[in-house]
Amino acid sequence: MQSKTLNLPPALTLFPFLKPQSRTLIFYQIFVLVITFFAYASFHASRKPPSIVKSILGPTVQLNSSIIQSNLSSMDTGWPPFNGPEGTHRLGEIDLAFLSAYSIGMYFAGHVGDRIDLRLFLVFRMVGSGLFTIIFGLGYWFDIHSLGFFVGIQILCGLFQSIGWPCVVAVVGNWFGKAKRGLIMRVWNSHTSVGNIIGSVVASGVLEFGWGWSFAVPGILVILVGVLVFLFLVVSPEDIGFEPLGMEIEMAVEVEGGENLEKVESEEAGLLGMENSDSLAAIGFLEAWRLPGVAPFAFCLFFSKPVAYTFLYWLPFYIRHTAVAGVHLSHKTAGILSTLFDIGGVFGGISAGYVSDMIEARAVTSIVFLLLSIPALILYRLYGSLSMIMNIALMLLSGLLVNGPYSLITTAVAADLGTQDLIKGNSRALATVTAIIDGTGSVGAAIGPLLAGYISTRGWNSVFLMLIVSISFASLLLIRVAKTEIKRKMNEGKWVSNSTSAH
């Protein structure tokens, strides 16, 4: 233990059994993982209400046949300005407002100074995000119908949420050294899907009381978790007297959505600027773009992330407006059913990671998953409405194949960058590259839901065609990297063969 002034969060001073003298380092590591897991899960839970209430705010369900049954209610009258002929356009613009602000914020997230107390800063962002989510819901009770009001709130909410991931990444990075913790970190990274599922279930569960509650409850949830973070989160081991875990750490770095994880070797404990300026030189923005592998993976994410985010923001609306076995599902059922896509995504990330580890070719694995997702989406569109079982099975399959490569892209980039002498061990360069990848993917994610809102007026076949085209471009952008992996594996095979014959 170090004899220095400790920086204990309030709960550690209130509860003696949580003090450093009573607990081990492993206890605090698990403690931090749990707190940061729920912190970021709550962020994602508060992003789900717009997708859940789309079917209520937007144009009413149009029935093509009197034979088709529907669970129509008084909530199906829509909410101006979203219930007109161009209502889906306005809903898409709401998504664009949030995601554009989020992507812009992510470009600057890596440059937050190390003078900032991460615990207080994260709490501030969580409380602000929760308040703006609640304010959006107040539009229901105050009968607000101004598009500018909803767009403005989403912009502010996106800016507040953009710093959440870098904060939790830095905290987790401070607590974990070079020990092999791949399984633990993969489980921790599931907070994205868990948050989406929680948000969908909560927002759908209170929808019958009025759509404002679908925003108010998740907003309150984020604030409550923020209070827990304020009370319990320990930013680094040094804050409670433990020795630093070493100069090399493993950090989780997400490209979003999503929300995805990779291990990155760094010489400092943190993503948010805890660098040794004497030994590391910052890398320029354009210089980072020229690094091998950065551009193809950045643009691949630009085309692949919109697919995942289109499902994130429009799947409940699509399910509500598409009869399953001749029945239009209720708003609540459609919202809960949409969580199956995220459940499939959890298994997709795990399976894609396992396959890529086995064949040691992550770009090849990503391409295979991307190409397989094309027939999966076609099957879901054509046959998902035949029965509930078929809908569930194809939705799980689509989530698995769409989100699998999404979680691998960052890992592949990290592996590529890790072999370059120019930036190896340079946390400042890695932060810049991460900002490029994340920001580029988020720009694409902002465009996808917006286009879905506009194109859906022509029919959902057009939306699925857009998704398929986007996946195709994402696959093409990885071909060169995949060829390099294949050649490397073939050369390694020849080398092994030659070595064996020599003996």
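## A loop residue with a positive phi

A325 lies in the loop that runs between helix α12 (294-321) and strand β4 (327-328), where helices (H or I, at least four residues) and strands (E, at least two) are DSSP runs numbered from the N terminus. Although A325 is not a glycine, its phi is positive, at about 55°. Most residues other than glycine have a negative phi, and most peptide bonds are trans.

This is a predicted model, in which local features need pLDDT of at least 70 and side-chain atom pairs count only at pLDDT 80 or more, while totals for chains, interfaces and linings use all residues. Residues are numbered from 1 along each chain as its sequence is written, and side-chain values use heavy atoms, with hydrogens and water left out.

## The chain as a whole

The secondary structure of the chain comes to 19 helices and four strands. Of its 503 residues, 56% count as buried, a word that stands for under 20% relative accessible area, with exposed meaning over 50% and partly exposed in between (1.4 Å probe, protein chains only).

The chain exposes about 20,600 Å², and carbon and sulfur atoms supply 67% of that area; accessible areas come from the Shrake-Rupley method with a 1.4 Å probe, and for residues only the protein chains shown count as cover. Contact here means heavy atoms within 4.5 Å, and among contacts between residues at least 6 apart in sequence, 82% join residues at least 24 apart.

## Helices α2 and α7

Helix α2 (residues 25-45) and helix α7 (residues 164-175) pack at an angle of about 170°, with their axes 10 Å apart; the axes are lines fitted to C-alpha atoms, for helices over the stretch in contact, and angles run from 0 to 180 degrees between N-to-C directions. The two helices are therefore roughly antiparallel to each other, given that angles under 35 degrees count as roughly parallel, over 145 as roughly antiparallel, 65 to 115 as roughly perpendicular and the rest as oblique. On the α2 side the contact is made by L25, Y28, Q29, V32, L33, T36, Y40 and F43, and on the α7 side by G164, W165, V168, V171, V172 and W175. These residues divide into eleven nonpolar, three polar and no charged, where Ala, Val, Leu, Ile, Met, Phe, Trp, Tyr, Cys and Pro count as nonpolar, Asp, Glu, Lys and Arg as charged, and the others, Gly among them, as polar.

Q29, which has its place in helix α2, is buried, with a relative accessible area of 5%. The C-alpha atoms of Q29 and V172 are separated by 8.3 Å, although the two residues are 143 residues apart along the chain. Twelve of the twelve residues of α7 are buried, so this helix is largely enclosed by the rest of the structure.

## Helix lengths

The expected span of a helix is 1.5 Å times one less than its number of residues. For the twelve residues of α7 this should give 16 Å, and the end C-alpha atoms are 17 Å apart, which agrees. Helix α14 (residues 339-359) has 21 residues that should span 30 Å, in agreement with the 31 Å between its end C-alpha atoms.

The buried residues of α18 include W460, V463, F464, L467 and I471. An α-helix has 3.6 residues a turn, so residues three or four places apart point the same way.

## Around α14

I197 is found in helix α9 (residues 191-205) and is partly exposed, with a relative accessible area of 23%. I197 and D342 are 145 residues apart in sequence and 6.8 Å apart in space, C-alpha to C-alpha. After α14 comes E360, whose phi is positive, near 55°.

## The loop between β1 and α4

The peptide bond from P80 to P81 is cis, with omega near 10°, and P81 is found in the loop between β1 (69-70) and α4 (87-109). W79 is found in the loop between β1 and α4 as well, and at 12% relative accessibility W79 counts as buried. Not counting residues up to four places away in sequence, W79 touches several residues, among them I56, L57, D143 and W211.

D143 is found in the loop between α5 (118-141) and α6 (147-161). At 48% relative accessibility D143 counts as partly exposed, and D143 has a positive phi of about 55° although it is not a glycine.
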